[in-house]
Amino acid sequence: MANDASAAFDTLSPAVFKGSLADPFTPPADSSLWRKNFLFGAATASYQIEGAVDEDGRLPSIWDTFSATPGKVLAGDTGAVACDHYHRWEADIDMLASLGLEGYRLSIAWPRVMDAAGRPNRKGLDFYKRLLNRLKEKGITSFVTLYHWDLPQHLEDRGGWLNRDTAYRFADYADLMSRELAGTVDAWATLNEPWCSAYLGYGNGHHAPGLANDRFATQAMHHLLLAHGLAIPVLRGNDPASQKGIVANIGRGTANSDSAADQRAAHLFEVQHNAWILDPLLKGEYPQDLFELWPGTEPLVLDGDMQTIAAPLDFLGINYYFRTNVASDGAHGFRDVPLEGVERTQMGWEVYPDGLRDLLTGFKKTYRNLPPIYITENGMASDDKVIDGHVDDAQRISFLKRHLAAVDQAIKAGVDVRGYFLWSLMDNFEWAFGYERRFGVVHVDYSTQKRTVKRSAELAAKFLKERKARV
């Protein structure tokens, strides 16, 4: 999922990209991306592509409820059908393989695999077993995310992530999945972007379940991270051969001026977007600066929680999309100050590849125990159209080239980055923005479900074929 950091970005008009359709994708000869052991893949998420929300015993999720609520999602769109991947998964995996992509990051729909009493739903489990076995047959490395935001509605009805019990129910879910799918998953990620789940879901209400209270956000985050920490040893015990990690979205904040107040504002932005998640995971503590932003919002933390949250990781997934330019709000926080004349995407987000490099190298300095990193999402939305059977997404091609160059720079600076996943394999339900925003490297006609490979995917496939021939 792309990081919908603020609904306010939607009001900005994207700058027109004036690029060419020449082949700019192939990295230079000295790039680390030519390494044989650098994994190159694409990512999706269950609610965004699967559809079939009422089939084979799947229960309602918070996103079914939220998207069915008038005014919550652009154009009233829902994930009821999405890309119909639940019925078209075989062709979609064949398409993935035909592009030469080496890895596939997917998520499991929690409401599809368990009933309200915590018992397994065999039809839902069988869907993922078939899918994962097909990936193995194709030689594609599987990264499986347990939670990509589609919390079962019955758990939200009991408080959702504000209820500590949800963390324990998540551990039960992780236990079932890792027992049932052991040996078919190469890497498990517990959570996708807990910042979005906590802040957009409980802090500003932009995402499901649509609550808006800073105190709710910090408590939801604590329970999300606790759920992660409880799940890690369960995953290790049930599926020891796989990697275990978590996926965090990160944000680059830059100051609008050299003033001390604006510099402090940029620091606080990155505390809220990055340290709020990474400090508990890698230091076993929350950043105290966070509560300068939100005074009096400290979550209830029980003895042993922080040690549980700081369970050792095999990898850290990083999702990156844009930077935010900020200034002091004159109090104890920051305010966005959008820059003029910069390149933007269909989301209104600034294209800023240097931010990815700067954050990665900064994390290496800040966290001595920084685990190996996979870029688990990176991509952009554009208003892509099929013309004469083709989609020439020139801005995306340029975007990907520049962000891959930033990854290469970080690797050469000593950051252990082991792979990169495009967001996304195909156009899909973009959460509160519905189907208007297209992030895929494959175009989806939602009326016919026809898939059309975009120029970006063609060039990625060309690079991967050439890399395979070299190594």
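A cis peptide bond joins Ala208 to Pro209, with omega at about 10°. Before going further, a word on the model: it is predicted, so local features need pLDDT of at least 70 and side-chain atom pairs count only at pLDDT 80 or more, while totals for chains, interfaces and linings use all residues. Residues are numbered from 1 along each chain as its sequence is written, and side-chain values use heavy atoms, with hydrogens and water left out.

Ser424 lies in the loop between β11 and β12. Two alanines also deserve a look. Phi of Ala52 is near 50°, a positive value in a residue other than glycine, and Ala52 is found in the loop between α1 (46–49) and α2 (62–67). Ala82 has a phi near 50° too, and its place is in the loop between α2 and α3 (85–98). What makes these spots worth a stop is that most residues other than glycine have a negative phi, and most peptide bonds are trans. Both alanines are on the inside: Ala52 is buried, with a relative accessible area of 7%, and Ala82 counts as buried at 4%. Buried means under 20% relative accessible area, exposed means over 50%, and partly exposed is in between, using a 1.4 Å probe and protein chains only.

Now step back to the whole chain. The protein chain holds 15 helices and 13 strands, and its C-alpha trace spans about 60 × 55 × 45 Å along the principal axes. A compact globule of 471 residues would have a radius of gyration near 23 Å, and the 21 Å of this chain agrees with that; the radius is taken over C-alpha atoms, and the globule rule is 2.2 Å times the number of residues to the power 0.38. Of the 471 residues, 61% count as buried. Among contacts (heavy atoms within 4.5 Å) between residues at least 6 apart in sequence, 78% join residues at least 24 apart.

Thr190 gives a local view of such packing. Thr190 is found in strand β4 (residues 187–192) and is buried, with a relative accessible area of 0%. Leaving aside neighbours within four places in sequence, its contacts include Thr145, Tyr147, Phe170, His228, Leu235 and Ile246.

Elsewhere, an open sheet of 3 strands runs in the order β6-β8-β9, with mixed pairing; two strands pair if DSSP finds at least two bridges between them. Its edge strands are β6 (252–255) and β9 (334–336), each of which pairs on one side only. The twist averages 45° from one strand to the next, where axes are lines fitted to C-alpha atoms, for helices over the stretch in contact, and angles run from 0 to 180 degrees between N-to-C directions. Strand β8 (residues 323–328) and β9 run antiparallel and are joined by 3 bridges, and Val326 stands opposite Asp336 in β9.

The aromatic side chains complete the tour. The structure holds 35 aromatic pairs: rings of Phe, Tyr and Trp (its six-membered ring) pair if their centres lie within 6.5 Å, and planes under 30 degrees apart count as stacked, over 60 as edge-to-face and the rest as tilted. The rings of Phe40 and Phe463 have their centres 6.0 Å apart and their planes at 75°, so this pair is edge-to-face. Because Phe40 lies in strand β1 (residues 39–43) and Phe463 in helix α15 (residues 455–470), the pair ties together parts that are 423 residues apart in sequence. Both Phe40 and Phe463 are buried.

Tyr435 and Tyr446 form a tilted pair, 4.6 Å centre to centre with 55° between the planes. Tyr435 is buried at 16% relative accessible area, whereas Tyr446 is partly exposed at 21%. Both belong to one aromatic cluster whose members include Tyr47, Trp63, Trp149 and Trp431.

Which ring does the charged end of Arg323 sit over? The ring is that of Tyr352, with the charged end 3.9 Å from its centre. A charge sits over a ring if NZ of Lys or CZ of Arg is within 6 Å of the ring centre and within 35 degrees of the ring normal. Likewise, the charged end of Arg470 sits over the ring of Trp34, 3.7 Å from its centre.

Conventions. Helix = DSSP H or I, 4+ residues; strand = E, 2+ residues; numbered from the N terminus.
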